[in-house]
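Please study the sequence and the structure shown below.

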Protein chains: 4
Amino acid sequence: MLYVDLNCDVGESFGNYQLGADEALMKCMSSANIACGYHAGDPHVMQETVALAIKHNVAIGAHPGLPDLVGFGRRAMLISTAEAYQLTLYQVGALAAFVKAAAAKLHHVKPHGALYTMAAENIHLAEAIAMAVRDFDNSLILYGLAGSKLIDAGKNCGLKVANEVFGDRTYTNTAGLTPRSQPGAIIPDVTDAVKQVLHMIKKRKVLSTDNVEVAVHADTICLHGDNANALQFATAIREGVIAAGVIIKTFNG
Amino acid sequence: MLYVDLNCDVGESFGNYQLGADEALMKCMSSANIACGYHAGDPHVMQETVALAIKHNVAIGAHPGLPDLVGFGRRAMLISTAEAYQLTLYQVGALAAFVKAAAAKLHHVKPHGALYTMAAENIHLAEAIAMAVRDFDNSLILYGLAGSKLIDAGKNCGLKVANEVFGDRTYTNTAGLTPRSQPGAIIPDVTDAVKQVLHMIKKRKVLSTDNVEVAVHADTICLHGDNANALQFATAIREGVIAAGVIIKTFNG
Amino acid sequence: MLYVDLNCDVGESFGNYQLGADEALMKCMSSANIACGYHAGDPHVMQETVALAIKHNVAIGAHPGLPDLVGFGRRAMLISTAEAYQLTLYQVGALAAFVKAAAAKLHHVKPHGALYTMAAENIHLAEAIAMAVRDFDNSLILYGLAGSKLIDAGKNCGLKVANEVFGDRTYTNTAGLTPRSQPGAIIPDVTDAVKQVLHMIKKRKVLSTDNVEVAVHADTICLHGDNANALQFATAIREGVIAAGVIIKTFNG
Amino acid sequence: MLYVDLNCDVGESFGNYQLGADEALMKCMSSANIACGYHAGDPHVMQETVALAIKHNVAIGAHPGLPDLVGFGRRAMLISTAEAYQLTLYQVGALAAFVKAAAAKLHHVKPHGALYTMAAENIHLAEAIAMAVRDFDNSLILYGLAGSKLIDAGKNCGLKVANEVFGDRTYTNTAGLTPRSQPGAIIPDVTDAVKQVLHMIKKRKVLSTDNVEVAVHADTICLHGDNANALQFATAIREGVIAAGVIIKTFNG
């Protein structure tokens with residue numbers, strides 16, 4: 001049997017602002033990455049989203065981001081490794097409190113946005129984030145870009161790691177993502193995205209933009225939370241995966 | 001033997017801003033209330049202050065405040081009980097993460113500033129805060145104004161509570177604090193403050209501004225953290241208490 | 001001829017968060033109240049919204065709020081009069097910069113949310129806000145709740161004032177709004193709201209919840225910006241007013 | 001006669017946090033760069049600092065920074081040119097409101113911290129900042145690192161520019177600052193700093209770390225505002241300059 005985890009960013013509303021069809025998306029995913037108040041989310045939203053995940057039996061993850069609400073955590077910032085450690089620990093702890101108060105268990109941590117990208121490329125930031133997760137709870141699973149520095153750092157720390165892949169992003173010959181600034185970075189057609197996902201799950205390979213079969217480790221698939229067509233995409237991935245006989249199941253290492 | 005706990009607000013620096021002589025004050029106190037990033041403090045300061053408390057063998061408490069950095073959490077805000085619950089849980093969880101990562105144990109929670117005052121007077125807010133503390137960890141001790149609604153709420157919730165008294169504030173006939181807006185609210189002379197503290201510890205009474213002996217429960221004494229003469233005051237209280245044969249010891253219910 | 005101004009809160013999006021159908025609403029209103037970054041809005045949104053108002057030939061107003069993004073400026077805060085003056089001046093200046101850079105002219109200031117309500121009831125806060133507006137530019141018009149303390153303060157300051165009325169709120173015998181916490185505060189039916197508006201414009205009176213005809217000064221009508229049915233409501237008011245032969249025109253004192 | 005402007009960052013306190021000996025420093029400087037609430041400062045501090053500058057007859061400048069209070073605007077952020085334009089305009093407008101309300105005149109704009117450094121190196125950001133200043137008021141003077149991209153951008157925009165030099169920083173062969181991360185970046189001795197300043201004013205040259213005489217344009221000298229020994233440094237520069245017969249005078253192009 002083949003298994004795959006579908007993870008999705010949720011809890012990104014803030015105050016009076018609604019973002020994402022969280023309740024509908026919960027039905028598609030097996031793991032939820034819940035914003036922790038730095039790039040999105042607030043204590044009210046965090047409590048509600050934890051409750052939603054419990055209701056839908058979805059594994060709960062913390063989704064720490066850079067302290068940049070207006071930029072939604074998407075603008076790279078030159079932070080120190082100490083700052084990376086501290087802001088991860090702070091946010092993971094804050095979310096974990098809501099999980100604990102709801103008598104549930106925190107399952108994983110996945111950095112958000114620019115923090116995710118920076119941690120994929122910079123081993124020092126990656127190690128700082130991994131150490132924060134480990135120092136908080138070494139049974140947590142670290143979600144990161146498949147094959148990236150964050151995955152290395154998590155393993156080096158003794159954490160279980162989940163390699164994340166994308167159905168709607170194209171890959172380079174080194175199994176990295178084509179930067180969004182370049183043409184052809186996005187796979188617009190959902191059917192193509194489903195095809196790529198299945199290829200990655202079944203063959204553990206992805207066809208790069210140079211038409212090379214590149215090895216890729218697909219523990220978990222990213223469903224997007226805040227696109228206009230996020231729900232349509234998530235539903236297509238879910239249905240495509242099920243139709244192919246792959247079982248959707250929270251990643252547990 | 002008589003025992004008393006001396007608690008003090010610390011960790012109220014922020015980013016580039018230094019506030020309070022935390023290291024020196026640590027030598028005077030037995031319990032530290034560490035800011036959690038809402039009214040003061042940041043992840044870096046929280047980590048440093050937790051380390052400082054451990055080094056000085058001081059019990060670690062979370063010191064959640066209103067989300068008002070520019071007002072230092074001192075401006076009353078009309079928040080709902082749900083918001084009080086959520087912002088307490090968020091901040092306690094964030095601080096607890098630093099405590100856990102340092103292999104220490106969180107000991108208590110004391111609300112800050114306007115949240116403290118609002119919780120002393122409004123039973124609904126008090127209950128919300130107490131429930132957040134209990135839902136996070138029911139072995140935590142809730143620090144609040146002696147005899148106030150927050151103390152009631154903590155007890156009703158099954159929490160251990162610490163009644164806090166002030167050496168440098170005068171009391172009304174109902175054992176409430178004279179509002180700062182009124183003349184005579186502050187006891188400027190340190191010797192008088194020490195005298196009041198000893199009276200409260202030994203006799204469990206305080207002389208009100210109307211010259212009435214009022215019963216007061218003194219589990220813990222507030223040392224101020226950010227006054228100009230905070231250190232002088234803390235030292236005087238500490239020495240006065242010791243000289244009177246009272247043993248300074250973290251409150252444990 | 002009868003004239004009336006229709007004003008509406010816009011520019012309340014923030015970063016990644018969209019709020020309100022600003023472009024569509026611009027077609028209904030004659031005056032726009034643009035958020036200034038404290039309760040909502042950010043520099044990008046402010047620039048875009050000023051451009052939108054210019055495009056639709058709508059008068060531009062600053063809409064300063066309390067520093068409470070997560071609470072959308074709707075939670076009362078115990079601020080001093082100095083703070084009210086300073087936060088008004090800061091926000092009006094910030095918005096005015098975008099207006100100046102676009103070679104347009106700032107027309108009015110209307111406080112937002114809890115600041116609006118506090119300024120309606122507390123003459124000291126009202127005076128502080130009015131003085132900030134006057135000290136910045138004494139040709140600006142101060143929008144406030146009809147007959148409220150803010151209107152008094154504006155007049156006392158030498159400012160032109162616009163009395164704001166609501167079609168969808170009921171009124172007390174003293175021409176105050178029924179608090180939202182009370183039943184019957186809202187007029188849910190749009191046709192009834194239009195009827196009340198026309199009555200206020202034509203007769204300068206409103207029927208209170210006690211069925212008393214109360215005098216009310218209706219210089220400008222509030223169109224809501226962020227309700228689910230904001231656009232439907234705004235369109236109905238606009239069309240109802242036009243159908244009754246009243247001319248929609250920016251208030252100019 | 002030789003003239004020089006001494007500029008200094010002030011108004012960097014925030015809420016309950018005091019930073020810098022602003023009043024004493026005002027006596028040393030001829031131009032003040034006042035923080036605008038993003039990296040430091042708040043509406044209260046801005047009002048007080050504008051009043052202080054007026055009292056000491058010091059030219060008032062806006063000192064916009066990145067939206068990063070906890071990082072004091074010192075962490076580089078990947079912002080777009082549109083964002084650079086908008087955040088500059090917002091902050092300059094906010095400060096200008098306090099200047100206008102005090103019946104004074106805004107004199108210049110100097111970006112802060114990482115924004116200053118980014119604008120010195122990146123012509124696109126530099127142009128965006130310069131355009132924001134020009135669109136707000138084309139009589140303002142743009143202060144930037146001597147010979148940097150920000151100076152170029154200001155000139156290209158038609159603005160008057162002030163080339164800023166540092167007494168306590170060493171220079172490279174291309175008249176750039178030695179990065180702080182490198183050894184020898186700082187000139188610790190005040191006497192040496194004064195010597196370098198006088199050399200730059202009189203000879204329009206600076207001796208690089210490679211011992212090469214490099215041309216440098218010294219319109220204004222940076223006095224630091226928030227060092228431990230800021231006041232001692234500022235006093236030494238002031239006295240050294242005066243002793244050498246150079247007249248301290250606000251730069252006016």
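Strand β6 of chain B (residues 160–165) pairs with β9(B) in the parallel sense over two bridges; strands here are DSSP runs (E, at least two residues), numbered from the N terminus, and two strands pair if DSSP finds at least two bridges between them. Glu164(B) has Thr220(B) in β9(B) as its bridge partner. Strand β1 of chain B (residues 3–10) also pairs with β9(B) in the parallel sense, over four bridges, and Leu6(B) stands opposite Ile221(B).

This is a predicted model, in which local features need pLDDT of at least 70 and side-chain atom pairs count only at pLDDT 80 or more, while totals for chains, interfaces and linings use all residues. Residues are numbered from 1 along each chain as its sequence is written, chains are lettered from A and ligands numbered from 1 in the order in which they are written, and side-chain values use heavy atoms, with hydrogens and water left out.

Strand β9 of chain B (residues 220–223) is covered on both faces. Thr220(B) and Cys222(B) on one side, and Ile221(B) and Leu223(B) on the other, are all buried (under 20% relative accessible area, 1.4 Å probe, protein chains only).

Chain B also meets chain C, with eight residues of each in contact (heavy atoms within 4.5 Å). The rule finds two salt bridges across this interface, a salt bridge being a side-chain nitrogen of Lys or Arg within 4 Å of a carboxyl oxygen of Asp or Glu. Glu83(C) forms a salt bridge with Arg75(B), their closest N and O atoms being 3.2 Å apart.

Note on methods
Buried < 20%, exposed > 50% of the residue type's maximum accessible area, 1.4 Å probe, protein only.
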